[in-house]
Amino acid sequence: MQYLLLIYGNENHFDKMSPAEIGTIHQEYMTFSKSIATSGHMRGGNQLDRISKATTVRMREGKRLVTDGPFAETKEQLGGYYLVEAKDLDEALALAARIPSARWGSIEVRPIIQHDMPS
């Protein structure tokens, strides 16, 4: 079964870190990513750019509304994700607990409902 591990945190947390601290966290992420790739769990994943570069689209009464930034002000922002293959929720939760940002943010674990996609 596939799960999406959504990584939330306050992106300003990194603004207070030294380049060495950021480098250490980057290395932790690389180590984690390599470990789940080697174990066969990883199906994909990416870091997201800052929320200041986000754009939100809504359709209202047939008209497209485009606004800068995320939908709402929050204390934590979606910063990235991993798409993983796990035998069950317990295994997905164990993987999520190993993500470095779990120490200062949160990891939302969501099962994927797979659908056939048109080709």
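**View 1. Glu-61, out in the open.** Glu-61 counts as exposed because its relative accessibility is 82% (exposed means over 50%, buried under 20% and partly exposed in between, with a 1.4 Å probe and protein chains only). Its place is the loop between strand E3 (55-60) and strand E4 (63-68); strands (E, at least two residues) and helices (H or I, at least four) are DSSP runs numbered from the N terminus. The backbone is worth a look too: phi of Glu-61 is near 50 degrees, a positive value in a residue other than glycine. Most residues other than glycine have a negative phi.

A quick note on the model: it is predicted, so local features need pLDDT of at least 70 and side-chain atom pairs count only at pLDDT 80 or more, while totals for chains, interfaces and linings use all residues. Residues are numbered from 1 along each chain as its sequence is written, and side-chain values use heavy atoms, with hydrogens and water left out.

**View 2. The whole protein, for orientation.** The protein has 3 helices and 6 strands, and reading along the sequence gives β-α-α-β-β-β-β-α-β. Its C-alpha trace spans about 45 × 45 × 25 Å along the principal axes. Of the 119 residues, 27% are buried. Take the contacts (heavy atoms within 4.5 Å) between residues at least 6 apart in sequence: 77% of them join residues at least 24 apart. The accessible surface, about 8,400 Å², belongs to carbon and sulfur atoms for 55%; the areas come from the Shrake-Rupley method with a 1.4 Å probe, and for residues only the protein chains shown count as cover.

**View 3. Leu-5, tucked away in strand E1.** Leu-5 sits in strand E1 and counts as buried because its relative accessibility is 0%. For a sense of scale, Thr-67 is 62 residues from Leu-5 in sequence and 26 Å away in space, C-alpha to C-alpha.

**View 4. Glu-11, a buried loop residue.** Look for Glu-11 in the loop between E1 and helix H1 (12-15). Glu-11 counts as buried because its relative accessibility is 18%. Which residues does Glu-11 touch, not counting those up to four places away in sequence? They are Arg-50, Ile-51 and Gln-77.

**View 5. Ser-106, in strand E6.** Ser-106 belongs to strand E6 (residues 106-111). At 28% relative accessibility, Ser-106 counts as partly exposed. Beyond residues up to four places away in sequence, Ser-106 touches Leu-6, Ile-7, Tyr-8, Glu-76 and Ser-101. Gln-77 is 29 residues from Ser-106 along the chain, and their C-alpha atoms are separated by 9.9 Å.

**View 6. The largest pocket.** This one holds about 720 Å³ of space. Its lining comes from 28 residues, with Phe-14, Tyr-29, Gln-47, Leu-48 and Gly-79 nearest the centre. Strand E1 (2-9), helix H2 (19-38), strand E2 (42-47) and strand E5 (77-85) are the elements that give two or more residues to that lining. A pocket here is an open set of points on a 1 Å grid over the protein atoms alone, where a 1.4 Å probe fits and protein lies on both sides within 12 Å along at least five of seven lines; lining residues have an atom within 4 Å of a point. Points are joined across faces, edges and corners, and the volume is the space filled by probe spheres set on them.
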